[in-house]
Amino acid sequence: MSDFSNKVKELLEQGKITPEEAQELLTGHQEPQLKQISLPSTGNERVLRISLRAGDLKVKGNPNVSTPQLVGHNTDGIQIRTEGNTWIVDDQRNFEVQGAGFIDKMVGMLGKFKPVHVNLEVPTFLERLEVHLLAGDIEVQGVPAFVKMDIQAGDVDLVDIIGFDISAKAGDVDITADLREGKHGIELLAGDLDLNLTPSSNARVNVNLTAGDFDAIGIPTTKSGGTVTGGRYEATVGSGDASVTINVNAGDIDLRVK
């Protein structure tokens with residue numbers, strides 16, 4: 001069983017997604033298509049763009065490197081190339097599935113999802129990090145960049161970043177960020193969210209939670225609408241110059257300043 005199907009099964013057993021949502025996640029990726037993520041750019045930023053199908057990803061800042069470096073093992077089929085000011089990490093593994101029937105395709109696809117463990121050391125002057133991952137866990141630390149991420153199934157751990165635009169379907173998301181300005185967002189279908197803001201952050205956080213608990217200790221918060229579990233919340237840290245929009249379908253949200 002693949003990392004993707006394992007994660008969906010785990011969330012189903014925990015009651016975070018329904019059987020119908022689990023079926024949608026599984027059948028919707030019998031022939032995975034990776035989309036390219038783009039961000040507005042002045043043309044001068046240093047950008048790292050990563051596209052993976054199945055595997056765990058760890059990105060760590062290193063002030064002693066000037067280009068991204070693959071470290072560790074089990075990275076066959078993973079390549080780094082350069083386009084202008086952008087570094088691109090590509091998954092070149094072959095996931096073409098043979099077979100006419102749906103069951104043949106599903107079995108073949110899951111058999112081809114052999115996980116890799118991609119460990120990257122990247123320059124600390126990196127300004128933007130863009131990630132698309134079908135199934136696996138992501139960890140980013142020591143990279144004070146804006147992170148844009150699209151993940152289907154897996155946990156996300158982002159430490160000491162300065163901005164984010166996260167789309168995740170199944171998994172837990174843990175973020176520590178210093179937010180001063182700009183717009184930031186999180187879309188999470190099923191999973192828990194821990195958002196930790198630094199004391200120097202200035203952010204207005206708007207939350208739309210369908211089912212789950214929202215907790216913001218020591219932060220001025222108002223609630224409008226919703227039921228006992230779920231609702232719409234607004235919380236302000238500092239002067240509120242940055243704007244954060246959070247949409248979670250099923251899961252708990254913890255907002256902290258630390």
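Biologist: Where is the confidence lowest, and where is it highest?

Modeller: The pLDDT is the predictor's confidence in each residue, from 0 to 100, and where it is low, the predicted coordinates should not be read in detail. Here the chain averages a pLDDT of 82, with 75% of the residues scoring at least 70. Confidence is lowest in helix α3 (residues 102-112), at a mean of 47, and highest in strand β11 (residues 173-177), at 98. The pLDDT is below 50 over residues 29-36, a stretch that has 22 contacts in the model beyond near neighbours in sequence, contact meaning heavy atoms within 4.5 Å. It is also below 50 over residues 105-111, where the corresponding number of contacts is 15.

Biologist: How many helices and strands does the chain have, and how much of the chain is buried?

Modeller: Helices (H or I, at least four residues) and strands (E, at least two) are DSSP runs, numbered from the N terminus, and on that basis the chain has 3 helices and 19 strands. Buried means under 20% relative accessible area, exposed over 50%, and partly exposed in between, with a 1.4 Å probe and protein chains only; 48% of the 258 residues count as buried. Among contacts in the chain with a separation of 6 or more, 58% come from residues 24 or more positions apart.

Biologist: Which strands pair with β18, and in which sense, parallel or antiparallel?

Modeller: Two strands pair if DSSP finds at least two bridges between them. Strand β18 (residues 242-250) pairs in the parallel sense with strand β12 (residues 183-190) over 7 bridges, and likewise in the parallel sense with strand β14 (residues 203-211) over 8 bridges. Ile246 in β18 stands opposite Ile186 and is also the bridge partner of Val207. Strand β12 runs parallel to β10 as well, joined by 5 bridges, with Ala170 opposite Ala190 in β12. Strand β10 (residues 163-170) is in turn joined by 7 bridges to strand β8 (residues 146-153), again parallel, and there the bridge partner of Asp150 is Ser167.

Biologist: Which residues touch the most other members of the largest nonpolar core?

Modeller: A nonpolar core is a set of buried Ala, Val, Leu, Ile, Met, Phe, Trp, Tyr and Cys residues joined through side-chain atoms within 4.5 Å. The largest one has 54 residues, of which Ile50, Phe164, Ile175 and Ile246 touch the most other members, and strand β1 (residues 47-61) gives the most to this core, with 5 residues. Leaving aside neighbours within four places in sequence, Phe164 has contacts that include Phe146, Ile175, Ile186 and Val244.

Biologist: Is Asp90 buried or exposed, and which side chain does it meet in a polar contact?

Modeller: A polar contact is a pair of N or O atoms within 3.5 Å; within protein, one must be able to donate a hydrogen and the other to accept it, and residues adjacent in sequence count only if both atoms are side-chain atoms. Asp90, in strand β4 (residues 86-91), counts as buried because its relative accessibility is 13%, and its side chain makes a polar contact of 2.6 Å with that of Arg81. Beyond four places in sequence, Asp90 is also in contact with residues including Ser51 and Gly77. Gly77 is found in the loop between β2 (69-71) and β3 (78-83) and, at 30% relative accessibility, counts as partly exposed. The C-alpha atoms of Gly77 and Gln92, 15 residues apart along the chain, are separated by 4.9 Å.

Biologist: What is the phi of Asp160, and where does this residue lie?

Modeller: Most residues other than glycine have a negative phi. Asp160 has a phi near 60°, a positive value in a residue other than glycine; Asp160 is found in strand β9 (residues 156-161) and is partly exposed, with a relative accessible area of 46%.

Key. Residues numbered from 1 in each chain as written. Predicted model: local features only at pLDDT ≥ 70, side-chain atom pairs only at ≥ 80, totals over all residues. Heavy atoms only, no water.
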